[in-house]
Structure formats: C-alpha cells, structure tokens
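Please look over the structure below, and then follow its parts one after another in the paragraphs that come after it.

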Amino acid sequence: MTALPNLINQPIFKDSAVTCAAEPALKRIAQSFGKARDSYIGAARLQQKVALDALALLAKTSQGHLVDLGCGPGWLHPKLSDYCQQFSAVDLSPDMLAKAAELGLAKAYIQADAATLPLQSASVDKLFSSLMLQWCKDPASVLGQIKRVLKAKGQFVITTLVDGSLAELRSAFATLDNNNHVNNFMPAEQLIQLCQAISGIDWQFKQQSYPLYYPDVLSLARELKSLGANQVQGKKRLGLTGKQYWQQLSQAYEQHRTSEGLKASYQVLFIQGQLNDEDK
Ligand SMILES: C[S@@+](CC[C@H](N)C(=O)[O-])C[C@H]1O[C@@H](n2cnc3c(N)ncnc32)[C@H](O)[C@@H]1O
C-alpha cells in the first residue's frame, strides 16, 4: 500500500479515525482497485464515457464544495473546477487515492467507505459519484450518507451499473458451471425504489445502455482486471483457470459476436437528486 501524500484533515471532517476496509469484503475491493491504480485509466473507456455524461448533468459554477465519491485515480479531477470552488476526493482504496493525489487538485483526499463517510453533516454543496455504488453492498446506507452530508438544496449525480450489465459474460459462464463469476447488479427498479423511500429529495432517474466491443473474451477479462473490477462480491476472485476452461468460455461467448466484435452490455442508471429544505 502506498502512503498517501497530501492527506489533510480539513474542518469538514467529523473525525480522523477512518476505519474503512476493516471488513474482509471491503478490504478485497480496496485491494483489487489498488492493484489497478496504474492500469485503470488506460482501460477506462466505459468509465470515461459514463462519468462525462454524468458530469454534464451538474450545473456549472465556480461556487461551493463538491465531493467526488469513489474517485478512483482522479482522471476527472482537472474538469471539476468548472463545477465548484473546491472539491474533496473520497475512495475506499488508499492506492487509488494516492494516484489521484499525484494531481494534487483536491482540497483533501479521504480514505473512507461510502457507507460511513467521515464528513460533517450538511457540509457539502454537490456530490458526484460515478460507477462506485454497484460495489456497495448496502446502497441505502450510502444514499443516506449522501443526504446527510449535503446542505439544503445540495445536488448530486450518481451513476451505477444495474441488472443486465455483462449479461453476455454471465450467460457464457452459465454454460460452463453453476458458479457466480460475474457480480450481481441490482435491478434498476429496486434501486429506484430504495431511493424513493428516502424523503426530502427530488429524484430523477435515467437508464442508458453502453455496449462495448472486444476482439475476444480474453480482452474483456483483461480489461476488467486492468480496472480492478475483476472481483465478485463475497468471493476471492473471478475464478478462471485452465486453458480448456477458457476455450469453452470463448466458444460460449461467440454467439454474442457482431461485426464490431464480441458485445458486452453495460446498463447504467443515472441518479440525480436535489435536497429540499424540509430535513435540514
Ligand atoms: C469503477 S471505479 C470508478 C472510479 C471513478 N469514479 C471513475 O468514474 O473512473 C470504482 C471506485 O470506487 C471505489 N470504491 C468501491 N467501493 C467503495 C466504497 N464502499 N466506498 C468508497 N469507494 C469505493 C473503488 O476503490 C474505485 O476506485
């Protein structure tokens, strides 16, 4: 693990005792993304498209404090000055944060689990979070934390993968064995219901499909590994071994070949919200 440069305690923090990643599942997620700190940006074609589409939903301003929750290596940070006066970067992985901190653009780099944010209540004007929520086992807690840290009238944009993502890979694996090799993504309707159960927020939702194409299934697996996204929740690692197994998987995936290559679908839910005054 790399030591964090520039980790500073600003008054917005509740306390400095960040105990995240103590839970084994969180630790595995943090380690997997940490290993990808240097390969992530080169592999992040989906992540870049999605985050830029999401950022376009935020109002431009040079005012206020923004939080980038699950910031990864911070490739988006040079653009954030159009949306706030200053921003803080939060991530579970200290290595991802250290990579982001190389740019030195954030007011603070905070290692934390999104479900237990060490930020003061009503201290944030805007929150941005792209493709992090699908890694959180209790999205309702994360949404509750987002509501807690935002000021009245505060805005947020979140993107997350939902059911249907990597459906082709899942069905190719299903022809080989009964193990779960691909993360289960929450159905969009279920996530929307979870959101709507939280009062005091004006919600907006939009689902968009992002198909990506690969020359072969190995390229898809390599991309997931380069992103650090080759973890399956509750398991140690995407269990893939043996040449024969790979050949069978490749064969099963062939039915999803198009003129552009092997198709992998990603279903992204955009969740936008603004706090109304009633709870603050
Ligand atoms: C797919 S990357 C997205 C990074 C960046 N937002 C982007 O769009 O490129 C997901 C990031 O979320 C972080 N992450 C995963 N679970 C988290 C949690 N519970 N709390 C905070 N960050 C988390 C990971 O460490 C990783 O850096």
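V90 touches V67, D68, L69, C71, I110, A112 and L117, leaving aside residues up to four places away in sequence, where touching, or being in contact, means that the C-beta atoms of two residues, placed from the backbone, lie within 7 Å. This is a predicted model, in which local features need pLDDT of at least 70 and side-chain atom pairs count only at pLDDT 80 or more, while totals for chains, interfaces and linings use all residues. Residues are numbered from 1 along each chain as its sequence is written.

V90 also belongs to the largest nonpolar core, which has 72 residues, and together with L66, A89 and L127 touches the most other members. Such a core is a set of buried Ala, Val, Leu, Ile, Met, Phe, Trp, Tyr and Cys residues joined through C-beta atoms within 7 Å, and a residue is buried if 20 or more other C-beta atoms, placed from the backbone, lie within 10 Å of its own. Strand 8 (residues 261–275) supplies the largest share of this core, seven residues. In soluble globular proteins, nonpolar side chains tend to be buried together.

In the protein chain as a whole, there are nine helices and eight strands, which are DSSP runs (H or I of at least four residues for helices, E of at least two for strands) numbered from the N terminus. Buried residues make up 40% of its 280 residues.

Turning to the ligand, 21 residues lie around it, among which F33, G70, G72, L92 and A114 come nearest, a residue being near if its C-beta atom, placed from the backbone, lies within 6 Å. Helix 1 (24–35) and helix 3 (45–55) are the elements that give two or more residues to this shell, and helix 1 gives the most, with three residues.

Technical notes
Buried ≥ 20, exposed ≤ 12 C-beta atoms within 10 Å, placed from the backbone.
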